[in-house]
Amino acid sequence: MKLFAYSRWDAVSVLAALAHLAFNIYLIVGFESRPLWLSAALGAIYAISISWNINSISHNFIHTPYFRPRWMNYAFSLLESVAIGFSQTYYHWVHMRHHSGNSDRPDDKGHTIDPLSIYKHGKNGEPENVFSYTFLSFFRDDIGDIHRAIAKRRPFDANWGRFELVIFVAVVGLALLYDWKAVLFFVPFYYLGNCLSSLNGYYEHLNGDPDEPIAWGVSSYRRFYNWLWFQNGYHAEHHYRPKTHWTDLPALHQRIAEEQAAAGTHVISTCHALGFLAPENHKDGKPHEA
């Protein structure tokens, strides 16, 4: 029986997800035996790992589910929910809405199709300030609305998403019983990790063109970044052809490079999370902000 639905390379993503979960467990189990400075350093790595997982392993899994048997995909979704700290199923719905709108600008009533659009809370058709988008996005999701939206078409998935949340809360409860000080210590790093994910998303679309499909996203072709983040840098290509497997994105870029150049697809020379340092995002020597 064929195990992987698209590519055996997805085994690397699965192993990386397991390693991420193991790292999370180690943070709690080894807390009492470590000096606080070392736990703080590991907490910073933990924050980065959340954004890394969300934007690579978890993200690619949404578009090209790794396994052929459905039950294995549900099981991996549960594993990811515990690793990243929220329901993978709910994230799937939010992210697909993101692709429906592709960071669209608000309509005449101030609504966007994309709940993650950098223009949703901006003014005068401009992107929202990077600071408010980064630090407030975590509080803007309405879990109840997400659950009801999924339940309208896929009741089982809605219930599975709720189950994922229950399991995550249960795991946190067990961690609190084991070492409540460790859990409280890492809560700010959990929030920071989600902020880093929002920061990453911001620069995946800043200076993109919401009206031009081939330029919806912003790409970065830094080799190490794409190696470590499972080709997340090819974000313009991904939005243009979201069903393309992550291993095929470089080849897609080669095929459409001339069209991208003609359409003015935005490319930055840093990874997305460091987009504020990219010269391509600066105008007259100043960061591009709303």
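Me: Leaving aside its neighbours within four places in sequence, which residues is Tyr 178 in contact with?
Reply: This is a predicted model, in which local features need pLDDT of at least 70 and side-chain atom pairs count only at pLDDT 80 or more, while totals for chains, interfaces and linings use all residues. Residues are numbered from 1 along each chain as its sequence is written, and side-chain values use heavy atoms, with hydrogens and water left out. Contact here means heavy atoms within 4.5 Å. With the sequence neighbours set aside, Tyr 178 is in contact with Ile 28 and Val 29.

Me: What distance separates the C-alpha atoms of Tyr 178 and Ile 28?
Reply: Tyr 178 sits in helix H7; helices are DSSP runs (H or I, at least four residues; strands are E, at least two), numbered from the N terminus. Along the chain, Tyr 178 and Ile 28 are 150 residues apart. Their C-alpha atoms are separated by 8.2 Å.

Me: Is Tyr 178 buried or exposed?
Reply: Buried means under 20% relative accessible area, exposed over 50% and partly exposed in between (1.4 Å probe, protein chains only). The relative accessible area of Tyr 178 is 53%, so this residue is exposed.

Me: Is His 63 buried or exposed?
Reply: His 63 lies in helix H2. Not counting residues up to four places away in sequence, His 63 touches Tyr 6, His 95, Met 96, His 99, His 238, Pro 242 and Lys 243. With a relative accessible area of 4%, His 63 is buried.

Me: At what angle do helices H1 and H3 pack?
Reply: Two packed helices are described by the angle between their axes and the distance between the axes. Axes are lines fitted to C-alpha atoms, for helices over the stretch in contact, and angles run from 0 to 180 degrees between N-to-C directions. The axes of H1 (residues 10-29) and H3 (residues 70-84) are 9 Å apart, and their angle is about 40°.

Me: How are the rings of Phe 4 and Phe 67 paired?
Reply: The whole structure holds 27 aromatic pairs. Rings of Phe, Tyr and Trp (its six-membered ring) pair if their centres lie within 6.5 Å; planes under 30 degrees apart count as stacked, over 60 as edge-to-face and the rest as tilted. Phe 4 and Phe 67 are both buried. Their ring centres are 5.5 Å apart and their planes at 25°, so the pair is stacked.

Me: Which residues form one aromatic cluster?
Reply: Phe 4 lies in the segment before H1 and Phe 67 in the loop between H2 (36-63) and H3, so their pair ties together parts 63 residues apart in sequence. One aromatic cluster is formed by Phe 4, Phe 61, Tyr 66, Phe 67 and Phe 76.

Me: How many residues apart are Tyr 74 and Phe 156?
Reply: Their ring centres are 5.3 Å apart and their planes at 90°, so the pair is edge-to-face. Tyr 74 is in helix H3 and Phe 156 in helix H7 (residues 155-203). The pair links distant parts of the chain, with a separation of 82 residues.
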